[in-house]
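Q: Can you walk me through this one? I'd like to start with the metal and then look at the pockets.

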Amino acid sequence: MMKIAVIRAPFDPVCEKEVKAALDIQRSGFDLAVLIPDEEGVLPRRKRLELLRRALQPYRKAAAALQFDTEHVRNTVVFSLECADEEEALARTGRFDKAARGIRKILAEEGLYLEQIVDANCSPHRAAHSKSVAQVCLRLAHAHHLNEFQAWKAGMLHDLTKSWDDERGRKLLEVYDPGRLKLSPKVWHSYTAPVWLKQVMGIQDRQILQAIGHHTLGTGSGDLDMILYIADKTEPLRGYDSSYEIAVSEKNLKEGAALVLSESKKYLREKEGIDV
Ligand SMILES: [Fe+2]
Ligand SMILES: [Fe+2]
């Protein structure tokens, strides 16, 4: 008779440690491990099941299901995973390196948990700004028949490393982008973010990474570079009437970016005494 291990956890999302623990349980004397996502979670249960199935694809003796009738099958033992909460909570802050190998790419590409990631890495003020930037990005991409989802993602991700202290930023730039250290620490987050996003979240989209690298100084000339730059400077929560700049940008991105850049330089000269 088949001996089955039923393993329950939120799997929100399924983590590498959980896959390993489940396989260990199965190998300890079961013919099959059936992993079942709990009812409650950030992602819908069906989505968590889909991710679980992806994560378990390489393993013949592990499967995923929404339910398993333990009463009618003898030789069943139910387990819950101890490592689940901590690992999954970390993954939901953007630590996709904690997620199961087979789903990391999907998490990054589909922008899953992005709201939670922004909230976990930013102050409430910065999180609201990022979400507002993402909405302006989406609006501009729509106006120019560009990829709206990609633009929205760039907006959500652009300030994720802004809360880092200078020491953390310096350490990363010393290794990956030392030329930037001569710039003011205020702009370092433009250069630390692409490294962190690539290494930890597995973001591969070069256009997104590039646009984030250009977002503070407005040095990019690609469509997404300009969209993110304009959106970052004009999003409504900044507290000034930017409707003219946004309207110009909806008609012509280059003109909009040039307008925002000249206004931003003027502002820095007059208010901050910085000559740019
Ligand atoms: Fe920024
Ligand atoms: Fe920003």
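This is a predicted model: local features need pLDDT of at least 70, side-chain atom pairs count only at pLDDT 80 or more; totals for chains, interfaces and linings use all residues.

**Metal site and pockets**

Q: Which protein donors does the iron ion (ligand 1) have?
A: They are Asp159 (OD), His189 (NE2) and His215 (NE2), lying 2.2 Å from the iron ion (ligand 1). Along the chain, the donors follow the spacing D-x29-H-x25-H.

Q: Why does the pair Asp159 and His189 tie together separate parts?
A: Asp159 sits in the loop between α7 (148-157) and α8 (166-176), while His189 is in helix α9 (residues 189-201), so the pair links parts that are 30 residues apart in sequence.

Q: And how far apart are the iron ion (ligand 1) and the iron ion (ligand 2)?
A: They are 3.4 Å apart. Asp159 coordinates both.

Q: New topic. How much space lies in the largest pocket?
A: About 1,100 Å³. It has 34 lining residues, and Thr216, Lys233, Ser264, Tyr267 and Leu268 are the closest to its centre.

Q: Which element gives the largest share of that lining?
A: α13 does, with 11 residues. The elements giving two or more residues are α6 (124-143), α11 (223-234) and α13 (253-272).

Q: What classes of residue are in there?
A: The lining of the largest pocket has 13 nonpolar, eight polar and 13 charged residues.

Q: What about the second largest pocket?
A: About 160 Å³ of space lies in it. Its lining residues include Tyr176, Arg180, Leu209 and His214. Two or more residues each come from α9 and α10 (206-214). By class, five are nonpolar, five polar and two charged.

Definitions and conventions
Residues are numbered from 1 along each chain as its sequence is written. Chains are lettered from A and ligands numbered from 1 in the order in which they are written. Side-chain values use heavy atoms; hydrogens and water are left out. Donors are N, O and S atoms within 2.8 Å of the metal (3.2 Å for Na, K and Ca); water is not among the atoms, so sites may look incomplete. Helices (H or I, at least four residues) and strands (E, at least two) are DSSP runs, numbered from the N terminus. On a 1 Å grid over the protein atoms alone, a cavity is a set of points where a 1.4 Å probe fits but cannot get out, and a pocket is an open set with protein on both sides within 12 Å along at least five of seven lines; lining residues have an atom within 4 Å of a point. Grid points are joined across faces, edges and corners, and a volume is the space filled by probe spheres set on the points. Ala, Val, Leu, Ile, Met, Phe, Trp, Tyr, Cys and Pro count as nonpolar, Asp, Glu, Lys and Arg as charged, and the others, Gly among them, as polar.
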